[in-house]
Amino acid sequence: MQRIKFLVVVILILSGGTTALHAQSPPFPTNHWVYDFLERMEVKGILTNIFDGTRPMSRDEIAGYLSQILSDPQSLTRLNSVEKRQLHYLTLEFRDYLAPEFREKALKAAPRLMKYRRMGFLSKIFPNHLYTNGRNLFQYSEEDFLAVLDPVLYRSGFWAKTDTGTSARRDFRDTHGVTSWGRWGKHLSFYFDFRDSKIWGSRKYPVGDNYSLPGIGYTRSFGSYVDFDETQAGIIVGGKHWQVTLGKERNAWGPGYWGSLAISDNPTSYDQVKLQVRFRKFKFTSISGILRPCPNLVAYSYYTGYFQRDILSRKYMAAHRLDVAPFRFLKIGFQEVLIYGERNPEIGYVNPINYYWSEEHNLGDQDNSTIGATFQLLPGFSSKIYGELFIDDLKTSKLGTGWYGNKWAVLVGAFRADLFSVPNLDARIEYVRIRPYVYTHRYPVNRFENFATPLGYWTGPNSETLTGLLSYRFSRWGTIGVQSMIWKHGANPPGQNAGGDLQLPHRVFDPIQARTLGGDLETRIHTSATVSYEWFRNFVTRFEIRSIRGKNVVLNTGRRGDINTWGGFVAVGFNY
């Protein structure tokens with residue numbers, strides 16, 4: 001009941017009680033290739049001022065960018081053959097939100113599935129009520145109401161062999177569910193996505209319910225396998241330049257390709273109220289969210305000797321971000337993210353334009369406030385340079401020293417489209433450095449995580465990564481890529497604290513100086529080659545060969561040593 005009251009209060013504050021509503025649109029999944037397409041269009045100068053620093057984007061927002069390309073004949077002539085096919089496909093995907101003059105053209109963008117169902121015997125056995133719009137499995141529309149529905153299916157397998165092990169490692173994942181979205185007149189949009197999953201293989205898991213894996217919420221663990229589910233759903237209302245979402249979803253803030261320092265989409269989804277305002281060269285986003293600590297405290301009965309129930313600690317997130325595009329070649333962003341809990345929601349943190357850092361001081365300096373900034377620079381030559389600065393805690397007088405309290409992280413990267421003037425050949429390099437104790441806090445409830453996954457960058461504190469990617473899209477449907485990553489982590493030695501564990505903050509008896517990558521230095525080099533192919537809309541197969549070489553990593557025996565692992569990964573997904 002407390003959480004329901006919290007969400008209702010936030011909605012009333014953010015919506016301002018207005019009743020002048022207009023049509024809004026649901027968010028679009030962050031793992032879709034349309035984001036890569038928009039990025040290429042921007043670095044090639046075909047589009048400008050794309051506010052992709054805050055994702056997911058709405059369907060309406062993406063359709064607006066596509067309409068810019070479609071309305072400019074000169075831009076269309078600059079697209080290569082693969083990009084034209086991509087744009088042709090996207091006109092159908094976002095037909096409902098395109099400018100009216102482009103909707104008729106979208107009907108001619110028949111995808112492969114429509115061509116298959118018209119071929120030979122398939123045309124006789126294919127039900128007429130399926131894929132009537134050429135896009136979704138089911139669609140229902142009547143006057144101002146639209147609803148679509150698609151199944152979600154996914155199956156993956158990973159096989160690996162390590163030179164230090166006697167048996168091969170096997171990991172399998174099976175997911176099924178349903179996804180839906182739609183709108184009701186000019187007043188309401190909605191989305192719904194439910195997925196039930198199972199993971200099993202050669203690994204063993206602790207038996208119980210109070211358990212979480214990276215990127216996953218609570219699981220039911222049965223030793224040889226785990227079961228879990230996730231639902232993302234929401235309703236959206238708003239006006240011409242703004243919208244408010246009451247929903248449960250993931251977010252990603254910043255330009256990083258493999259993750260963000262402040263808010264990434266690595267954790268499982270969480271309940272939230274989100275306000276977004278877009279006007280010309282500005283985009284403002286505010287989130288009031290409800291997170292979950294894991295594992296929870298457990299109440300133990302002295303009389304029965306049985307665990308009675310989890311103690312659900314209250315944990316909240318307050319975050320806001322301003323994206324600004326002052327010039328065609330520059331985009332900058334400023335953001336605050338604050339974690340607090342074990343009390344009722346604070347109205348000062350619900351206020352979307354409040355200064356959280358100052359409000360935290362006003363409330364006794366007991367919460368976990370962070371600030372950050374991002375930039376994206378487009379110097380021309382189909383290239384982009386970008387970066388992010390994340391400050392968890394900082395004392396300027398101690399800059400340049402190893403003082404443990406200077407908790408900051410930095411991300412810098414570069415992207416080049418059409419490398420060596422080869423169409424559709426892209427290159428990217430990205431470097432991340434995270435100081436010791438970043439994301440930690442003296443109060444466990446204020447740790448920078450949802451369940452057991454960091455809200456920020458996936459490597460956690462006291463780490464460094466350098467990643468490079470070379471990818472080539474050989475058709476609208478297929479991509480090949482080669483990726484290599486060097487990952488270093490300063491782990492905590494036995495009985496010592498080097499700031500390398502998100503679960504362990506600095507304590508009064510720990511060393512005052514904390515050197516980045518201090519402690520037990522672990523090094524891993526990940527190399528992979530990938531081929532993915534989309535046979536028809538959102539039905540994708542992925543094949544990958546992986547190699548992992550590690551030095552001074554923890555082995556199955558509990559000791560540290562070197563490893564050399566190689567393996568293969570296969571996945572088949574439909575609307576996943």
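The legends below describe close-up views of a predicted model.

View 1. Trp 159, Phe 420, Val 422, Tyr 472, Phe 474, Ile 480, Val 531, Phe 543 and Val 570 make a nonpolar surface patch of about 800 Å². One of these residues, Val 422, belongs to the loop between β19 (407-416) and β20 (425-434). Val 422 has a relative accessible area of 32% and is therefore partly exposed.

**View 2. The aromatic pair of Tyr 218 and Phe 451.** The model holds 29 aromatic pairs. In the pair of Tyr 218 and Phe 451, the ring centres are 5.0 Å apart and the planes stand at 85°, an edge-to-face arrangement. The two residues are 233 residues apart and link distant parts of the chain: Tyr 218 is in strand β7 (residues 218-221), and Phe 451 is in the loop between β21 (449-450) and β22 (453-454). Tyr 218 is partly exposed, at 25% relative accessibility. Phe 451, with a relative accessible area of 9%, is buried.

**View 3. The aromatic pair of Phe 536 and Phe 574.** The ring planes of Phe 536 and Phe 574 meet at 75° and the ring centres are 6.0 Å apart, so this pair is edge-to-face. Phe 574 is buried, because its relative accessible area is 10%, and buried means under 20%.

**View 4. An aromatic cluster and two charges over rings.** Tyr 140, Phe 145, Trp 184 and Phe 190 form one aromatic cluster. In a separate contact, the charged end of Arg 183 sits over the ring of Tyr 97, at 5.7 Å from the ring centre. The ring of Phe 158 has the charged end of Arg 546 over it, 5.0 Å from the centre.

**View 5. Helix α3.** Helix α3 (residues 59-70) has 12 residues, which at 1.5 Å a residue should span 16 Å. The C-alpha atoms at its ends are 16 Å apart, so the two values agree. Helix α3 is mostly covered, with 9 of its 12 residues buried. Among the buried residues are Arg 59, Glu 61, Tyr 65 and Leu 70.

**View 6. The salt bridge of Arg 537 and Asp 150.** Side chains of opposite charge can pair when their charged atoms come close. The model has 32 salt bridges. In the one between Arg 537 and Asp 150, the closest N and O atoms are 3.6 Å apart. Arg 537 is in the loop between β25 and β26 (539-554) and Asp 150 is in strand β3 (residues 145-162), so the bridge ties together parts that are 387 residues apart in sequence. Both Arg 537 and Asp 150 are buried.

**View 7. The salt bridge of Asp 367 and Arg 343.** Asp 367 and Arg 343 form a salt bridge of 2.8 Å, N to O. Asp 367 lies in the loop between α10 (356-362) and β17 (368-380), and Arg 343 in the loop between β16 (330-341) and α9 (347-350), 24 residues apart. Asp 367 counts as buried at 5% relative accessibility. Arg 343 is also buried, with a relative accessible area of 16%.

View 8. Arg 524 and Glu 522 meet in a salt bridge of 3.6 Å, N to O, and both residues are buried.

How values were computed: Residues are numbered from 1 along each chain as its sequence is written. This is a predicted model: local features need pLDDT of at least 70, side-chain atom pairs count only at pLDDT 80 or more; totals for chains, interfaces and linings use all residues. Side-chain values use heavy atoms; hydrogens and water are left out. Patches are made of residues with over 30% relative accessible area and no salt bridge: like charges are joined within 9 Å, nonpolar side chains (Val, Leu, Ile, Met, Phe, Trp, Tyr) within 5 Å. Accessible areas come from the Shrake-Rupley method with a 1.4 Å probe; for residues, only the protein chains shown count as cover. A salt bridge is a side-chain nitrogen of Lys or Arg within 4 Å of a carboxyl oxygen of Asp or Glu. Helices (H or I, at least four residues) and strands (E, at least two) are DSSP runs, numbered from the N terminus. Buried means under 20% relative accessible area, exposed over 50%, partly exposed in between (1.4 Å probe, protein chains only). Rings of Phe, Tyr and Trp (its six-membered ring) pair if their centres lie within 6.5 Å; planes under 30 degrees apart count as stacked, over 60 as edge-to-face and the rest as tilted. A charge sits over a ring if NZ of Lys or CZ of Arg is within 6 Å of the ring centre and within 35 degrees of the ring normal. The expected span of a helix is 1.5 Å times one less than its number of residues.
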